[in-house]
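Have a look at the model first, then we'll get into it.

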Amino acid sequence: MLASPLRMHIPDGFLTPAISVVGWGIAVVMIIVALRRTRRQLDDRMVPMMGVLAAFLFAAQAINFPVAAGTSGHLIGAALAAIVMGPWAATLIMTAVLAVQGLLFQDGGLVVMGWNIVNMGVIAAFSGYLAYTLARRLSGESRVAVMAASFAAGWISVVVASLATAIELAASGTSPLVLAVAAMGSVHALIGVGEGVITAAAIGLLLTARPGLLQAGATAPGGRTAAGILVGLAAALLVAAFSPLASPSPDGLEAVSASQGFLGLGQAAPYQILPDYSVPFISHPALTTIAAVMVGTLVVFGGAVLIGRLATRRQAAGL
Amino acid sequence: MHFDLTDQYRPRPSFVHHLDPRVKVVLAFAFILTAGLMPIGAWSGFAALLILALAASMASRLGLAFALRRSYIALPFALVALPLVFTVPGEVVYQSPLTGWTITAQGLERFWSLILRSWIAIQAAILLIAATPFPDVLWALGALRVPRLLVATIGFMYRYFFVLADETARMLRARAARSAKVEGRRTPSPLWQGGVAGAMVGSLFLRALERSERVHAAMLARGYNGQMPSLARRAIRRMDRVVILAALLLLVGLLAWARPS
Amino acid sequence: MHHTIEVRGLSFAYPDGFQALRGVDLHVSPGEKVALVGPNGAGKSTLVLHLNGILRGQGEVQVCGLPVEDKNLGRIRASVGLVFQDPDDQLFSPSVREDVAFGPMYMGLTEDEVGRRVQLALASVGMPESAARVPHHLSGGEKKRIAIATVLAMEPEILVLDEPTAGLDPRGRRGLIRLLAELPQTMLVSTHDLRMVQELFLRTVVLDQGQVVADGPTAALMADAALLAAHGLEA
């Protein structure tokens, strides 16, 4: 349970108080909506179900499997929860998990918990859910399609959440944006494979044991708003990273000057960026890195859809 | 991985333990915020906060080093901030002959300020949970207007984590018992192992879901209808008011002193 | 005669199609202590869940003179105390006190009354000092007792217990049997523990494949070897 960079739980002190407050603001709104939507979905089953499933997720995070040379893959679980219960319920479940992890084990800070909830709760759950439903819609009914879509959901949820985390760290001046995105993105692209495999296998088992469960998840509230929320959050994060709200850290704001090289040194002057550059964003290396992650996401998504469609077609042809 | 959740709480006959949990929760957050607002390089400010934390630890009869010993957990995350040492512009302190990377005094200052902030903040979180039983922390959250349904959900999570962690541990033990290595045969691929792990996760999920249905039935049997019963009320005593006022003033004062502007 | 549990022609099928109960009749008088026995899958737990309306089937179910329908559920659940098989399912609060207080608090009683009932309930199960304890630190036997206390605190007329001695060591089992002997409520206990049945219950109902196959004095039923063998029971 170490808070190494391999986990996304941000400790206190790594985000500025201003940004932490913004995170709490977003988290509070999301939690309130999640409570309302989930209440409608589950009625009086909500509290015991969300609580026990949160306990399950926390316990399941201990289930690992050896990947290579001493490292192991394991689960965050937001995508799994979202596929079965819907993204709003998943947000609540993750909130409960993060609250106990933060309060009881200091795994993740208290003041920064807002952002941890947004990253590993809202963003992970919604991006995983969106990936799953889109992939399913495009690839059909076969078992392989469901599992491929689940893999994509798991992988994407982890990578997108890590991207958001990196942007928040950069906006707080804790880490240079390019480095944070590249490091977090690449590490979690690897970890995401573990998440994807476990999610796919878990969903595979549920498909056999209780297929009705997945049908319920498909009609859970949150589907239509998922895309809207993600776009909104993405916009907010990018604005935060490139705006005066960000701390005057060199790399969050300045374009790279050629003589300074990859790490991007330079004196920060937050308000200069707007008048000086007409289209600054295209040349900024951070954006290139972010774009790279997005491309990776599309590749994984596309791959899952392709595999799923092939399998569905084979199944339909009676093979 | 076996966690005993109540191990975090250390009962002591101390003044801090007797404080209203709401006061302690608010103070923990205020302390962490103060640490976050301390400007870069405010070493005396950090020292003052650290002394405060140590004093609180003493007042809780937990001993001087209690929180200190447990606070290293977050430090591996510091790697994320390490580049600051190289990227913040300023007075160069060291230049690596191989890569040309420079370490600046300002970079070091920023980095260490961040580390100190984080380390000091975590003392408060550790003390909070050591001096307050978790059910009381939950009650305090509810009393501080955190939605009751959310607090109840967290309560259930806390209650059932142990049960489910136990089931998980048993499954892992069973897996280990059947994971024999045979001479001359390859161990199965990560993909296969991932599949096994996933199947374990899936069946645990089902069991958890079914248990939640049984718990729900038990709640219904005792009259539950979806509304949470109202919280027990606790009077706030004069001592609590005095402590929170004094502590908040002290923190604000520290900030004012440490920030030159 | 006024029966406190009246079940007439109760049938119930689970959503997956399994017909768990086929026309069950059961009448229990106030103060009676009745054992419900039968092999696994006979429908004992299913039957028991109909008594407080958690499951609803075809036929008539009345408890304490009230038909089991939505408008009576609140009162029925205060009058019928259901103790489930796995105490972990029943102890869902962070502390023993909160668990025992849940029922009375839910009924809207004053804090003083709630406190009084908690004390009384814990004393009745022989664990008066346990209020501050944490559920997962209790032993199996202690958990079963506290589970009973959570229900006693509601001062029900009828106590229904599902497998109370399952999983207990001999000492725990002996303690529980003693406790059940002392409690004054009308009791319906579903169990495999036939030795306990012979000790505590004058009347036994045998359920098999969703139907009542025998209902009478315990001594007579236990002596009927053919009956026991036919329904997977061993004395």
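Val7(C) sits across from Val61(C), which belongs to S4(C). Keep in mind that this is a predicted model.

Q: How many bridges join strand S1 of chain C to strand S4 of chain C?
A: Strand S1 covers residues 5-13 and strand S4 covers residues 58-63 of chain C, and they run antiparallel. Val7(C) and Val61(C) stand opposite each other here. The number of bridges joining S1 to S4 is 5.

Q: Which strands are the edge strands of the open sheet in chain C?
A: This open sheet has 4 strands with antiparallel pairing, in the order S2-S1-S4-S5 (chain C).

Q: How much area is buried between chain C and chain B, and what share do carbon and sulfur atoms give?
A: The contact draws on 28 residues from chain C and 29 residues from chain B. On the chain C side, Phe92(C), Tyr106(C) and His136(C) lose the most area to chain B, together 30% of what that side buries. For the interface, the buried area is about 2400 Å², with 60% from carbon and sulfur atoms.

Q: How far apart are the closest N and O atoms in the salt bridge of Arg222(B) with Asp99(C)?
A: Across the interface of chain C and chain B, the rule finds 5 salt bridges. The cut-off for a salt bridge is a nitrogen to oxygen distance within 4 Å. For Arg222(B) and Asp99(C), the closest N and O atoms are apart by 3.2 Å.

Q: Which element gives the most to the side of chain C that touches chain B?
A: The elements of chain C that each supply at least two residues to that side are strand S6 (80-83), helix H3 (87-90), helix H4 (96-106) and helix H6 (140-152). The residues of that side split into 14 nonpolar, 7 polar and 7 charged. With 6 residues, the element that gives the most is H4(C).

Terms used:
Residues are numbered from 1 along each chain as its sequence is written. Chains are lettered from A and ligands numbered from 1 in the order in which they are written. This is a predicted model: local features need pLDDT of at least 70, side-chain atom pairs count only at pLDDT 80 or more; totals for chains, interfaces and linings use all residues. Side-chain values use heavy atoms; hydrogens and water are left out. Contact means heavy atoms within 4.5 Å. Buried area is the accessible area (1.4 Å probe) that two parts lose on being put together, summed over both. A salt bridge is a side-chain nitrogen of Lys or Arg within 4 Å of a carboxyl oxygen of Asp or Glu. Ala, Val, Leu, Ile, Met, Phe, Trp, Tyr, Cys and Pro count as nonpolar, Asp, Glu, Lys and Arg as charged, and the others, Gly among them, as polar. Two strands pair if DSSP finds at least two bridges between them.
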